[in-house]
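Me: I am new to this structure and would like to learn how to read its features one at a time. Could you take me through them, giving the general idea before the case at hand?

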Amino acid sequence: ILFLAEARSMPSSSRLVTAAAAAGSVAAAAYIASRNLRTATVAGTSMDPTFKPGSSILVEARSATAEEDRGDVVVLRSPEEGCEDDLLTKRVVGLERDWLYARDGRLVRVPTAHVWVEGDNASNSNDSTHYGAVPRDKLVGTAVAKVWPPAEAGPVADRHEECEARVIPAEEARRLRSRKTETGETLRIALRASRDAMQEYVGWTPPEDKASGRPAGA
């Protein structure tokens, strides 16, 4: 069982703060060991409603060859200066070189060897919207299941399709940039669609560009 040091208190972050209990049977313990899984408890509300304070989760340690996917819930070390020992739970929305709209309306491109992470609680999450894309080497594991409370036990919902709708991969952006339609540049149309998907994902409307009256980044 992995014991995680208690994290310092900081608003708007879900933290893995303590190790949870041992496996309930020899078979369960063997399975956990074979998958390199550890139990941990979540504190904070940034992943609400997926995780609430006190939820216990199974975390699979990240291997050197691991590849995360859009929609995965990961455990990462805080990228913020002075908080490097804090462990956070966030959802991967964008992979390296993806284009996407941040929750504050900015159009961003995820740098190479980075991921864009967000908490599921759009109104109370300190995430990439605030500190930018996170280096992949900050990731330490993937949350694969919730084990407490018992009524909510089961695999972690990956929200893969919702996250896919919010991004335009680099290869697709290059292809779209070279194509035109009767209504304009295909890439711009696709970007608007991804912006609309972001609004639906978080229930948020971007500010208007004062000069054009159009949504920012349109």
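Me: How many of the five residues of strand β4 are buried?
Reply: A residue is called buried when its relative accessible area is under 20%. In this predicted model, strand β4, which spans residues 73-77, is mostly covered, with four of its five residues buried.

Me: With which strands does β4 pair, and in what sense?
Reply: The general idea is that strands of a sheet pair through backbone hydrogen bonds, and that they do so either parallel or antiparallel. Here β4 pairs with strand β5, residues 87-94, in the antiparallel sense over five bridges, and three bridges join β4 to strand β10, residues 139-148, again running antiparallel. The residue V74 lets you follow both pairings, for V74 stands opposite K90 in β5, while in β10 the bridge partner of V74 is T142.

Me: What is the order of the strands in the open sheet of three strands?
Reply: The order is β7-β6-β12, with antiparallel pairing. The edge strands are β7 (107-109) and β12 (167-168), since each of them pairs on one side only. Between strand β6, residues 99-101, and β7 there are three bridges, and Y101 stands opposite L107 in β7.

Me: Where is D120 found, and which side chain does the side chain of D120 make a polar contact with?
Reply: D120 is found in the loop between β8 (114-118) and α2 (128-131). Its relative accessible area is 10%, so D120 is buried. The side chain of D120 makes a polar contact with the side chain of T50 at 2.4 Å.

Me: How far apart are F51 and K146 in sequence and in space?
Reply: F51 and K146 are 95 residues apart in sequence, and 8.1 Å apart in space from C-alpha to C-alpha. The place of F51 is in the loop between β2 (37-43) and β3 (56-61), and because its relative accessibility is 1%, F51 counts as buried. Not counting residues up to four places away in sequence, F51 touches V42, I57, V73, A143, K146 and V156.

Me: What share of the contacts in the protein chain with a separation of 6 or more comes from residues 24 or more positions apart?
Reply: Such residues account for 56% of those contacts. As for the chain as a whole, there are five helices and 14 strands, and 42% of its 218 residues count as buried.

Me: What volume does the second largest pocket have, and which residues line it?
Reply: The general idea is that rolling a probe the size of a water molecule over the atoms shows where empty space is left. The second largest pocket has a volume of about 180 Å³, and the residues that line this pocket are E67, E68, R70, L95, E96, R97, D98, H114, R136, P169, A170 and E171. By kind, the lining of the second largest pocket divides into three nonpolar residues, one polar and eight charged.

Key. Residues numbered from 1 in each chain as written. Predicted model: local features only at pLDDT ≥ 70, side-chain atom pairs only at ≥ 80, totals over all residues. Heavy atoms only, no water. 1 Å grid on protein atoms, 1.4 Å probe; cavity = no way out; pocket = protein on both sides within 12 Å on 5 of 7 lines; lining within 4 Å. Points joined across faces, edges and corners; volume = space filled by probe spheres on them. Nonpolar A, V, L, I, M, F, W, Y, C, P; charged D, E, K, R; others polar. Helix = DSSP H or I, 4+ residues; strand = E, 2+ residues; numbered from the N terminus. Buried < 20%, exposed > 50% of the residue type's maximum accessible area, 1.4 Å probe, protein only. Contact = heavy atoms within 4.5 Å. Pairing = 2+ DSSP bridges. Polar contact = N/O pair within 3.5 Å; in protein donor to acceptor, adjacent residues only side chain to side chain.
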